[in-house]
Amino acid sequence: MRLDIDRIRSCFPALDEGVAHFDGPGGSQVPRQVARAVADTLCGGIANRGTVTVAERRAETVVREARAAMADLLGCRPEGVVFARSMTQATVDMARALAKEWGEGDEVVVTRLDHDANIRPWIIAAEAAGATVRWADFDPATGELTVDDVAAVLTPRTRLVAVTAASNLLGTRPDVPAIAEAAHAVGALVYVDGVHLTPHAAVSATDWGADFYACSPYKFFGPHHGVVAAAPELLETIHPDKLLPSTDAVPERFELGTLPYETLAGTVAAVDFIADLGDPPAGARRTRLLESMRRVEAHEEELFGRLLDGLAALDGVTLHGSPQRRTPTVLFSVAGHAPRQVYEHLARSGVNAPAGSFYAIEAARHIGLGEPGAVRAGLAPYTNAEDVDRLLAGVAELAS
C-alpha cells in the first residue's frame, strides 16, 4: 500500500507556506502533533523526576515513554537509550569516556564518508589518549564505501570503528552489518552514525551489530536533541565524567543535568506519528513502525527516480556520486553557477535546496568539491511529485 501523501501533508503547518522542502537532511518539518505534545508538556505541571508528586511522576513517565519510543524505532532496548543535547554532543561525550581505556598503540578507524560529528570526536579522543587514527577511504567517483575499504585498515589493535549508516552528503548506505562483523572479528566496537538514515529506512541497530547507534529526532519530525543507543551491559562498562550527586545508574549516568521533558514528549509524538503513517494502523508500535518505513521507502524511491532522471536530463547539471544503495538524497552542481547561486535561485522560486558541504567536509574534499560543496536535495515522506517538478523547473532555468 502507498502512503496517503495528502493526509500526511495536512499534518505539517509549515507546508501551508507553499515552499517545497528539500532541506530535510538538515532537519525535517514538524507535524502539529509533535508541537502539541511539546506545548502540553511545557504548560502542564512538571518537576524533577520522582515518585511523590503528580508533577514528579509526570516527568518520570515522559522519560520512560521516550526511551520506549526510541527503542521501538531503533530496534534496541529502552534501558540502553541515552539522551543528549545533540548527536554531536553525545558522540563527543562517548568518545571521551571510551578513550579513558585507550593508550599508545591502540587504533581507531574513521571514514572519509562520514559527517564530521562521527570523525572529529574520535580524532580528538584518540589524540588525547595517544592512540592512532586510521582512515577508510571511499570511491570518489561512485561514493561507495565497501566493507573491504574498512577491513583494509583494521588490525588487532583496532579499538573502535566509526561509520555512517548513510552519508548526509551523497546518500550512500554502506553495508553496516558486514562492517560490524569485520570490526567485531578484530575485537573492535562499532559506533554508527544513523542521523541521516533513520528518517528513510527501518532501523534494527542491535541486529545490525551496531554497538552504538546515534541519531537526531529533529531529522524525523521531532524536536532538536540527540540520542545514542547501546546495550545496557556495554554502557555499564563505560564511566563518563559526571557530578558527584548524580546517579551512576545506566543510562542516566550519561545524561548530564535535567533532561528536557518537553523535547522528549515531542520525540514520543514524532515516533507515534511515524508509526501511524500506515492506514489503518494496526499491531504493536514496532510492527507499525516497520510497515510505515517500508511505505516511506517505496514512496521516496519512486519520487527519487523522478528527480534523478530529471536532473540527469538537464545539460550542464552534474550529479555527484552514484551509490547503488542510497537514501533519497542527491548532490549536484550546475555549470557556470556557484552552489550558493543555485541555492539562492531556487529559494526565490519557493524551493529549499541548500548548498555546501554540510559538515561532511572530508567527503566533500575527497570528491573534489571542497568546502563550497554543491547543492543537496533530499526527499521526505511529505515530498510530492509537484515538489520534485518545481525543483527540476528551477534548476532547468539555470541550466538552459
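Biologist: Four strands form an open sheet; in which order do they lie, and is the pairing parallel or antiparallel?

Modeller: This is a predicted model. The order in the open sheet is β9-β10-β13-β12, and its pairing is antiparallel. Two of these are edge strands, β9 (317-320) and β12 (355-356), since each of them pairs on one side only.

Biologist: How many bridges join β9 to strand β10?

Modeller: Strand β10 covers residues 329-334, and four bridges join it to β9 in the antiparallel sense. To find the place in the model, look for L319, which stands opposite F332 in β10.

Biologist: Now strand β7. Where do the side chains of a strand point?

Modeller: In a regular strand, side chains alternate between the two faces of the sheet. Strand β7 spans residues 212-215, with F212 and A214 on one side and Y213 and C215 on the other.

Biologist: Are those four residues of β7 buried or exposed?

Modeller: F212, A214, Y213 and C215 are all buried, and both faces of β7 are therefore covered. Buried here means under 20% relative accessible area.

Biologist: Which strands pair with β7, and in what sense?

Modeller: Strand β6 (residues 189-193) pairs with β7 in the parallel sense, over three bridges. In that pairing, V192 stands opposite Y213. Strand β8 (residues 226-230) runs antiparallel to β7, and four bridges join the two. There, F212 stands opposite A230 in β8.

Biologist: Let us step back to the whole chain. How many helices and strands does the secondary structure come to?

Modeller: The count is 14 helices and 13 strands. The radius of gyration is 21 Å, close to the 21 Å that the globule rule gives for 400 residues, so the chain is as compact as a globular protein of that length. Along its principal axes, the C-alpha trace spans about 65 × 55 × 35 Å.

Biologist: What share of the residues is buried?

Modeller: Of the 400 residues in the chain, 58% are buried. As for the surface, the chain exposes about 16,300 Å², with 52% of that supplied by carbon and sulfur atoms.

Biologist: What share of the contacts with a separation of 6 or more joins residues 24 or more positions apart?

Modeller: Such residues account for 69% of those contacts.

Biologist: Last, the charges. How many positive and negative side chains are there?

Modeller: The chain has 36 positive and 53 negative side chains. The centres of the two sets lie 4 Å apart.

Key: Residues numbered from 1 in each chain as written. Predicted model: local features only at pLDDT ≥ 70, side-chain atom pairs only at ≥ 80, totals over all residues. Heavy atoms only, no water. Rg over C-alpha atoms; globule rule 2.2 N^0.38 Å. Buried < 20%, exposed > 50% of the residue type's maximum accessible area, 1.4 Å probe, protein only. Contact = heavy atoms within 4.5 Å. Areas by Shrake-Rupley, 256 points an atom, 1.4 Å probe, with all protein chains shown as cover. Lys, Arg positive; Asp, Glu negative; His and termini not counted. Charge placed at Lys NZ, Arg CZ, Asp CG, Glu CD. Pairing = 2+ DSSP bridges.
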